[in-house]
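Reader: I am new to this structure and would like to go through it step by step. Please show it to me before I ask anything.

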Amino acid sequence: MQEKPTLEVTTELALNVGESGDLEVTITPEELAKYATFQSSDEAVTTVDEKGTVIGVSAGECTITTKIDLPDADKDTEEKTDDSAKKKDSDSSSGS
């Protein structure tokens, strides 16, 4: 039985413009770390590279989203998540 992937981010960064900091990310099993992706909610405030290094671009707040994007094996899970989100949207709009 394969170990279920887990992802833990334990970093809160406060950066000045031009400063950088690294996210502390723990991924188990460790060999899945190569599938980690990072995305800034507002690249006008911070950018983040493929290794989790965050750079302050301007004043403001944002969220860095960290995910494990598994090849093929995770596609069904992602599709189900997307479908359930669409259902919620259509359910709430039909009640208007």
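Author: What follows is a set of questions and answers on this structure. This is a predicted model, in which local features need pLDDT of at least 70, side-chain atom pairs count only at pLDDT 80 or more, and totals for chains, interfaces and linings use all residues. Residues are numbered from 1 along each chain as its sequence is written, and side-chain values use heavy atoms, with hydrogens and water left out.

Reader: In what order do the elements of the protein chain run from the N terminus on?

Author: Helices (H or I, at least four residues) and strands (E, at least two) are DSSP runs, numbered from the N terminus. The protein chain has 1 helix and 7 strands. From the N terminus on, the order is β-β-β-β-β-β-β-α.

Reader: What percentage of the residues of the protein chain count as buried?

Author: Buried means under 20% relative accessible area, exposed over 50%, and partly exposed in between, with a 1.4 Å probe and protein chains only. The protein chain has 96 residues, and the part of them that counts as buried is 19%.

Reader: Is Ser40 buried or exposed?

Author: Ser40 has its place in strand β4, which covers residues 36–40. Its relative accessibility is 7%. Since buried means under 20%, Ser40 counts as buried.

Reader: Which backbone oxygen does the side chain of Ser40 reach?

Author: A polar contact is a pair of N or O atoms within 3.5 Å; within protein, one must be able to donate a hydrogen and the other to accept it, and residues adjacent in sequence count only if both atoms are side-chain atoms. The side chain of Ser40 reaches the backbone nitrogen of Asp42 at 3.1 Å. At 2.8 Å, the side chain of Ser40 reaches the backbone oxygen of Thr46.

Reader: Why does Thr66 count as buried?

Author: Thr66 is placed in strand β7, residues 64–68. Contact means heavy atoms within 4.5 Å, and, not counting residues up to four places away in sequence, Thr66 touches Leu7, Val9, Leu23, Val25, Thr37 and Phe38. Thr66 counts as buried because its relative accessibility is 13%.

Reader: How many residues apart in sequence are Val9 and Ile64?

Author: Val9 belongs to strand β1, residues 6–9, and counts as partly exposed at 38% relative accessibility. Beyond its neighbours within four places in sequence, Val9 is in contact with Glu24, Val25 and Thr66. From C-alpha to C-alpha, Val9 and Ile64 are 10.0 Å apart in space, while their separation in sequence is 55 residues.

Reader: What is the distance in space between Gly56 and Thr46, C-alpha to C-alpha?

Author: Gly56 is found in strand β6, residues 53–56, and is buried with a relative accessible area of 8%. Leaving aside neighbours within four places in sequence, its contacts include Leu15, Val45 and Thr46. Gly56 and Thr46 are 10 residues apart in sequence, and their C-alpha distance is 4.7 Å.

Reader: Is the peptide bond from Thr28 to Pro29 cis or trans?

Author: Pro29 lies in the loop between β3 (25–28) and β4. The peptide bond leading from Thr28 to Pro29 has omega near -10 degrees, and is cis.

Reader: Which residues is Leu32 in contact with, leaving aside its neighbours within four places in sequence?

Author: Leu32 is in the loop between β3 and β4. At 14% relative accessibility, Leu32 counts as buried. With those neighbours left aside, Leu32 is in contact with Pro5, Ile27, Ile68 and Leu70.
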